[in-house]
Amino acid sequence: MSKKIFIFANESDSSKYTERQLKKKLDKTGYTVIPEYSEGADLMVCIGGDGTFLEAMHRFNFPSMPIIGINTGHLGMFQEIAPSMLDDFIFNYSQEKYALQKLSTVSMKVKTAEGVKEYLGLNEVLIKANATYSVHLNISIGGNFIERFSGDGVLIATPAGSTAYNYSLGGSIVDPRLEVLQVTPIAPMNTTAYRSFTSSILLPSDLSLQIVPDMHDRERAIKIVYDGYSVQYDDVEEIEVGFSDVSVNLMRFENYDFWRKVKSKFL
């Protein structure tokens, strides 16, 4: 039985051209390219940059099938291959010469008077004020109070997201084989009223972060951002952040090495 492959591409000329070329090659090899997303697909191919990859994950609710990225964007940390490597990709996939890299997601549960809403991020989740003023947050780890934070916000990144906004904020690059969450402050302030960490902290996978806005901040709008998608609340009572049970399976070929890729992208 022919394996079913779904292709998701952005609207750029290079992505659409790569999509057409890939469809022709897959058809000749005997694979079935399905026109619409299906949970029964054997493989998803994502053509574009990292933003396109994240869009696909959220649009299709973090698919459990293997996913491979073809980079027609800029950085391309999620993407495994270049458009010039389509024949190599098809051969390696046919010969099962690949491994699956499990990428965990971070969950943010926002409690208000109306109930609890949950948001998932593959890269990160972000808590910040929705204006130019600072946000004031009481932060606990594993139920133990840690700090009264004052600043522009707090970013909580997965290992996959450590090379994204987290890195721009001065956070550390984390090997994706480590199951840790990185909490990075954004423009933290230290005053007599608020004492904030000024560097990132790392949390093991079994610990969660509890965040309670200061009472005088309760009526101010707080922006919740997850992988670039944002929502706004003006009545947040508590936010809990930790690893979720949802993960994605990213296809990597035999010669893939995370640190070699980091070097090629950043140095």
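Biologist: Which residue in strand 16 is the bridge partner of Gln210?

Modeller: This is a predicted model, in which local features need pLDDT of at least 70 and side-chain atom pairs count only at pLDDT 80 or more, while totals for chains, interfaces and linings use all residues. Residues are numbered from 1 along each chain as its sequence is written, and side-chain values use heavy atoms, with hydrogens and water left out. Helices (H or I, at least four residues) and strands (E, at least two) are DSSP runs numbered from the N terminus, and two strands pair if DSSP finds at least two bridges between them. Strand 13 (residues 209-213) pairs with strand 16 in the antiparallel sense over 3 bridges, and the partner of Gln210 in strand 16 is Glu240.

Biologist: How many bridges join strand 5 and strand 16?

Modeller: Strand 5 covers residues 98-112 and strand 16 covers residues 238-253. Met108 stands opposite Val241 in strand 16, and the two strands pair in the antiparallel sense over a number of bridges that comes to 13.

Biologist: Do strand 4 and strand 16 run parallel or antiparallel?

Modeller: In strand 16, the residue that partners Ile67 is Leu250. Strand 4 (residues 66-71) is joined to strand 16 by 2 bridges, and the direction in which they run is parallel.

Biologist: Which strands are the edge strands of the open sheet of 6 strands?

Modeller: The order of this open sheet is 12-11-10-7-14-15, with antiparallel pairing. Within the sheet, strand 7 (residues 124-129) and strand 14 (residues 222-226) pair over 5 bridges, and Leu126 stands opposite Val225 in strand 14. Each edge strand pairs on one side only, and these are strand 12 (201-204) and strand 15 (229-233).

Biologist: How many charged residues are in the lining of the largest pocket?

Modeller: Ala, Val, Leu, Ile, Met, Phe, Trp, Tyr, Cys and Pro count as nonpolar, Asp, Glu, Lys and Arg as charged, and the others, Gly among them, as polar. By these classes the lining has 4 nonpolar and 3 polar residues, and the number of charged residues is 7.

Biologist: Which strand gives the most to the lining of the second largest pocket?

Modeller: The second largest pocket holds about 180 Å³ of space, and its lining includes Tyr98, Ala99, Gln101, Arg252 and Phe253. The residues of this lining divide into 6 nonpolar, 1 polar and 5 charged. Strand 5 and strand 16 each give two or more residues, and the one that gives the most, with 3 residues, is strand 5.

Biologist: What is the volume of the largest cavity?

Modeller: There are 3 cavities of 30 Å³ or more. The lining of the largest cavity includes Gln101, Leu103, Leu250 and Arg252, and the elements that give two or more residues to this lining are strand 5 and strand 16. By class the lining has 8 nonpolar, 2 polar and 1 charged residues, and the volume of this cavity is about 100 Å³.

Biologist: How many nonpolar residues are in the lining of the second largest cavity?

Modeller: The second largest cavity has a volume of about 70 Å³, and strand 8 (135-141), strand 9 (144-151) and strand 11 (180-186) each supply at least two residues of its lining. Among the lining residues are Ile139, Ile141, Glu147, Phe149, Val183 and Pro185. The lining has 1 polar and 1 charged residue, and the number of nonpolar residues is 9.

Biologist: Is Asn92 buried or exposed?

Modeller: Asn92 lies in helix 3, and it touches Lys97, Tyr98 and Phe253, not counting residues up to four places away in sequence, where a contact means heavy atoms within 4.5 Å. Buried means under 20% relative accessible area, exposed over 50%, and partly exposed in between, with a 1.4 Å probe and protein chains only. The relative accessible area of Asn92 is 17%, so this residue is buried.

Notes
1 Å grid on protein atoms, 1.4 Å probe; cavity = no way out; pocket = protein on both sides within 12 Å on 5 of 7 lines; lining within 4 Å. Points joined across faces, edges and corners; volume = space filled by probe spheres on them.
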